[in-house]
Amino acid sequence: MKQFRKGLYPGLLALVLILSAFPALADAIGAAKPWELGFQPAASPVAERMHQFHDMLLWIITGISLFVLLLLIIVVVRFNARANPIPSARTHNVPLEIVWTVLPVVILIVIAVPSLSLLYYGDRTAKPEMTLKVTGYQWYWGYEYPEYEGLSFLSNLIPDKDIDKSKGQMRLLSVDNPVVLPVETNIQFIVTAQDVIHSFAVPSFGVKTDAVPGRLNESWTRIERPGIYYGQCSELCGQNHAFMPIEVHAVPKEDFKAWAEAAKAGYVSFDDFMAGRTAAGAAPAEQQ
């Protein structure tokens with residue numbers, strides 16, 4: 001008992017420390033944090049539905065697990081050799097067999113209906129307001145904005161030695177040319193690859209679409225609030241698979257349009273563009 005208590009106190013202390021970290025984690029957007037549990041905060045309707053579906057499945061599987069545990073306890077207590085020295089010779093129970101056949105079917109239907117609905121909902125949007133073409137390379141990403149002819153660029157990982165933490169850059173996640181997208185806009189992703197299979201994945205958007213050479217796959221998002229969101233290639237695409245991150249800057253519509261028009265002549269980072277715009281006397285859209 002003393003040894004049990006000695007091990008219990010450090011365990012409780014660790015649990016308190018983890019739980020106390022939740023308020024700080026609640027403010028995090030678009031990137032994983034140390035000691036984080038659960039999903040990154042949802043930033044799109046698709047991600048919100050995914051989280052709701054996950055929560056529903058968690059309740060279902062918890063109920064099934066507790067029910068099976070209860071059955072095991074009953075078997076151990078009531079049907080062990082001491083409590084039941086003469087075992088029953090019964091081999092069939094028709095009502096019970098019907099129940100344990102029908103009940104799993106009902107559970108599967110309860111899961112399948114929202115699952116297929118979510119797959120259909122996240123596949124594409126009927127009324128896209130803009131398109132972003134994403135191309136996977138070994139080992140970096142290329143982006144094109146079809147509505148803004150001439151606006152395209154490549155996006156590479158910033159090496160560890162060049163990371164500037166004063167600018168909020170993150171190791172293995174920040175890139176030299178981030179994607180800039182407007183909030184509150186139905187954005188269609190057209191995803192392909194140049195060489196091998198990649199996977200364009202941004203957890204906060206609920207987007208994970210394979211990039212296959214010679215094929216155009218489709219997905220979409222609607223970013224609900226400004227912020228910086230990160231993702232990574234989620235397909236084992238070769239030697240530098242772990243070093244082709246995705247960085248998305250979600251900004252107000254007015255700021256995005258101004259940046260896109262300026263960037264058509266040559267890529268300029270959104271931060272540099274806004275700094276120059278502010279210096280010229282034009283306030284950002286969110287301050288107007």
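Predicted model: local features only at pLDDT ≥ 70, side-chain atom pairs only at ≥ 80, totals over all residues.

Colleague: OK, helix H3 then. What span should its 34 residues have?

Modeller: It should span 50 Å at 1.5 Å a residue, and the end C-alpha atoms of H3 (residues 45-78) are 50 Å apart, which agrees. The expected span is 1.5 Å times one less than the number of residues. Helices here are DSSP runs of H or I with at least four residues, strands are E runs of at least two, and both are numbered from the N terminus.

Colleague: Which residues of H3 are buried?

Modeller: Pro 45, Val 46, Ala 47, His 51 and Phe 53. Buried is under 20% relative accessible area, exposed is over 50%, and partly exposed is in between (1.4 Å probe, protein chains only).

Colleague: And what covers them?

Modeller: The cover includes helix H4 (94-123) and strand S8 (217-221), with contact taken as heavy atoms within 4.5 Å.

Colleague: Switching topic: how many disulfides?

Modeller: Zero, with a disulfide taken as a pair of cysteine sulfur atoms within 2.5 Å. The closest cysteine sulfur to that of Cys 233 is in Cys 237, at 3.8 Å, so it is too far for a bond.

Colleague: Is Cys 233 buried or exposed?

Modeller: Buried, at 5% relative accessibility. Cys 237 also counts as buried, at 5%.

Colleague: Now charges. How many salt bridges are there in the whole structure?

Modeller: Five, each a side-chain nitrogen of Lys or Arg within 4 Å of a carboxyl oxygen of Asp or Glu. One of them joins Arg 222 and Glu 129, 3.3 Å from N to O. Arg 222 is in the loop between S8 and strand S9 (227-233) and Glu 129 in the loop between H4 and strand S1 (130-137), so the pair ties together parts 93 residues apart in sequence.

Colleague: How exposed is Arg 222?

Modeller: Partly exposed, at 27% relative accessibility; Glu 129 is partly exposed too, at 43%.

Colleague: Where's Glu 36?

Modeller: In the loop between helix H2 (22-25) and H3. Glu 36 is buried but has no salt bridge, and the nearest side chain of opposite charge, Lys 33, is 7.6 Å away. Still, a polar atom of the Glu 36 side chain lies 2.8 Å from the backbone nitrogen of Lys 33.

Definitions and conventions: Residues numbered from 1 in each chain as written. Heavy atoms only, no water. Lys, Arg positive; Asp, Glu negative; His and termini not counted. Polar contact = N/O pair within 3.5 Å; in protein donor to acceptor, adjacent residues only side chain to side chain.
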